[in-house]
Amino acid sequence: MNTLIVYAHPEPRSFNAALREVAVDTLHGMGHAVVVSDLYAMGFAPVVGRADFLTQHNPERFNVSLEQRHAVAHGGLAPDIARELARLQAADLVILQFPLWWFGLPAILKGWIDRVFVSGVSYGRSTVFENGKFRGKRAMVCVTTGGPAQSFGPDALNGDILDLLMPLHRGVLGFTGMTVLPPFTCFHVPYEGDAARRQMLQAYRSRLGELDRLTPLPMPRTDQYPGLLVHGQRPCAQ
Ligand SMILES: Cc1cc2nc3c(=O)[nH]c(=O)nc-3n(C[C@H](O)[C@H](O)[C@H](O)COP(=O)(O)OP(=O)(O)OC[C@H]3O[C@@H](n4cnc5c(N)ncnc54)[C@H](O)[C@@H]3O)c2cc1C
């Protein structure tokens with residue numbers, strides 16, 4: 001099994017880094033190949049722009065999706081995108097490792113998604129969810145929070161962690177056809193003692209050993225919505 005860990009934390013001694021190391025060690029111990037995309041260490045540029053492309057489809061008007069499709073067809077993706085996309089395509093399991101920032105992803109990870117999940121390779125007009133281009137791959141989020149566990153839940157202050165992660169689970173991973181495993185969440189990380197944090201690392205090790213036994217998160221199927229075009233028709237005037 002090939003695993004890609006996409007890791008988004010600026011501090012090499014962070015707890016997120018410790019979780020990443022647990023994953024690398026555990027998966028190696030299980031005989032898996034592991035590649036880490038350490039976004040801060042790589043200085044990954046997270047902002048979509050013309051520099052994403054060596055080719056140019058329309059110099060008059062910049063349409064990201066159409067430029068992505070054109071670049072894919074003509075070998076025109078910028079080298080950093082091409083490298084990350086190749087890693088994504090080679091992965092059987094994708095782990096996204098990050099701290100919860102403002103109820104969501106650190107911007108560098110959102111930017112990695114914006115730039116690397118290119119149109120035409122990651123999804124097409126009708127190749128989404130159960131027909132998605134990345135079906136057969138599994139994905140799992142490993143996220144840390146500052147808020148305590150009891151502040152997350154359907155009736156709790158911060159809402160349910162699955163609701164906060166829904167744009168990622170459903171809008172990116174499930175949308176592109178991946179089987180989405182339940183997230184591994186470490187709550188209240190900065191405010192716990194070292195012993196409690198070490199238990200979290202041990203629990204993550206155990207979780208990684210039981211990936212095959214996890215029940216994936218439910219995802220919608222496009223055939224439940226007959227007649228609905230996921231992305232509509234091609235935009236006009238292109
Ligand atoms: C911009 C921003 C927005 C945020 N938004 C939210 C939000 O919306 N909701 C929310 O709940 N929280 C939020 N937070 C808090 C954030 O989610 C937590 O601070 C973060 O998840 C903690 O993880 P970390 O890796 O950064 O911890 P760190 O601060 O790096 O580490 C925590 C502690 O663990 C220790 N540690 C490191 N390695 C180990 C190890 N191997 N064993 C034991 N201990 C170790 C560190 O020394 C440190 O004492 C936000 C924070 C920021 C900066």
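Two rings of Phe, Tyr or Trp (for Trp, the six-membered ring) are taken as a pair if their centres lie within 6.5 Å; planes under 30 degrees apart make the pair stacked, planes over 60 make it edge-to-face, and the rest are tilted. By this rule, W112, F117 and F134 come together as one aromatic cluster. The structure is a predicted model, with local features requiring pLDDT of at least 70 and side-chain atom pairs counted only at pLDDT 80 or more, while totals for chains, interfaces and linings use all residues. Numbering runs from 1 along each chain as its sequence is written, and side-chain values use heavy atoms, with hydrogens and water left out.

The protein chain has 8 helices and 6 strands, where helices (H or I, at least four residues) and strands (E, at least two) are DSSP runs numbered from the N terminus. Going along the sequence, these follow the order β-α-β-α-α-α-β-α-β-α-α-β-β-α. As for overall dimensions, the C-alpha trace spans about 60 × 40 × 35 Å along its principal axes. The radius of gyration, taken over C-alpha atoms, is set against a globule rule of 2.2 Å times the number of residues to the power 0.38. For 238 residues a compact globule would come out near 18 Å, and the 19 Å of the protein chain agrees with that.

Burial is judged by relative accessible area (1.4 Å probe, protein chains only): under 20% is buried, over 50% exposed, and anything in between partly exposed. On that scale, 49% of the 238 residues count as buried. The accessible surface, worked out by the Shrake-Rupley method with a 1.4 Å probe, comes to about 11800 Å², and 55% of it belongs to carbon and sulfur atoms. Contacts are heavy atoms within 4.5 Å; among those with a separation of 6 or more, 76% involve residues 24 or more positions apart. On the charge side, Lys and Arg count as positive and Asp and Glu as negative, leaving out His and the chain ends, with each charge placed at NZ of Lys, CZ of Arg, CG of Asp or CD of Glu. There are 22 positive and 20 negative side chains, and the centres of the two sets sit 5 Å apart.

Back to the rings: the chain has 7 aromatic pairs. One of them joins F129 and F175, whose ring centres are 5.5 Å apart with planes at 85 degrees, so this pair is edge-to-face. It links distant parts of the chain, 46 residues apart: F129 comes from the loop between α5 (107–116) and β4 (138–144), and F175 from the loop between α7 (166–174) and β5 (179–180). F129 is buried at a relative accessible area of 14%, and F175 is buried with a value of 14%.

A23, in helix α1 (residues 15–29), is buried at 1% relative accessibility. Beyond residues up to four places away in sequence, A23 touches I5, Y204 and L208. A78 lies 55 residues from A23 along the chain, with 29 Å between their C-alpha atoms. A78 turns up again around D52, which sits in the loop between α2 (39–42) and α3 (64–73): leaving aside neighbours within four places in sequence, D52 contacts V47, G76, L77, A78, I81 and R115. D52 is buried, at 2% relative accessibility. D212, by contrast, is exposed with a relative accessible area of 68%, and is found in the segment after α8 (194–209). D212 and L181 are 31 residues apart in sequence, and their C-alpha atoms are 9.6 Å apart in space.
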